[in-house]
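Thanks for coming, everyone. Let me put the structure up, and then I'll walk you through it.

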Amino acid sequence: MSHGDTFMVAFAGTSSARVRLIGVGAPEGVHPTPSAEPFGVAAAAFTKGLLPDGRMVNEVLLAAGDAQLYTLPPNVRHVERFR
């Protein structure tokens, strides 16, 4: 599963876990209700391509214009960096 701001990860010997990037909101590519949002599939593919890069994905999504700043306390650690 991959959305523009949410994805699944698994480390060797562990079960998978859902990760939600803080500080950003991106279109949903796969969502049970409602259906996928405009640009959602492209956002999911873009994020999936960034994951192995070792960069701060949240920051790259914002810089590329593929997400918007979305902060919800207490997850505001990088808000100034993201602006």
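Start with a side-chain pair: Arg83 and Glu80 are joined by a polar contact of 3.0 Å. By polar contact I mean a pair of N or O atoms within 3.5 Å; within protein, one must be able to donate a hydrogen and the other to accept it, and residues adjacent in sequence count only if both atoms are side-chain atoms.

Two words on the basis. This is a predicted model, with local features needing pLDDT of at least 70, side-chain atom pairs counting only at pLDDT 80 or more, and totals for chains, interfaces and linings using all residues. Residues are numbered from 1 along each chain as its sequence is written, and side-chain values use heavy atoms, with hydrogens and water left out.

Is Arg83 buried or exposed? Exposed, because its relative accessibility is 67%. The cut-offs: buried is under 20% relative accessible area, exposed is over 50%, partly exposed is in between (1.4 Å probe, protein chains only). Arg83 sits in the segment after α3.

Now the layout. The chain has 3 helices and 4 strands, in the order β-β-β-α-α-β-α. These are DSSP runs, numbered from the N terminus: helices are H or I, at least four residues, and strands are E, at least two. Of the 83 residues, 33% are buried.

On to the core. The largest nonpolar core has 11 residues, including Phe7, Leu50 and Phe82. Such a core is a set of buried Ala, Val, Leu, Ile, Met, Phe, Trp, Tyr and Cys residues joined through side-chain atoms within 4.5 Å. Which helix gives this core its largest share? Helix α2, residues 57–64, with 4 residues.

Contact here means heavy atoms within 4.5 Å. Just after α2, Gly65 has a positive phi of about 80°.

Last, α1 against α2. Phe46, Thr47 and Leu50 in α1 meet Val57, Val60, Leu61 and Ala64 in α2. The two axes come within 10 Å and cross at roughly 135°. Axes are lines fitted to C-alpha atoms, for helices over the stretch in contact, and angles run from 0 to 180 degrees between N-to-C directions.
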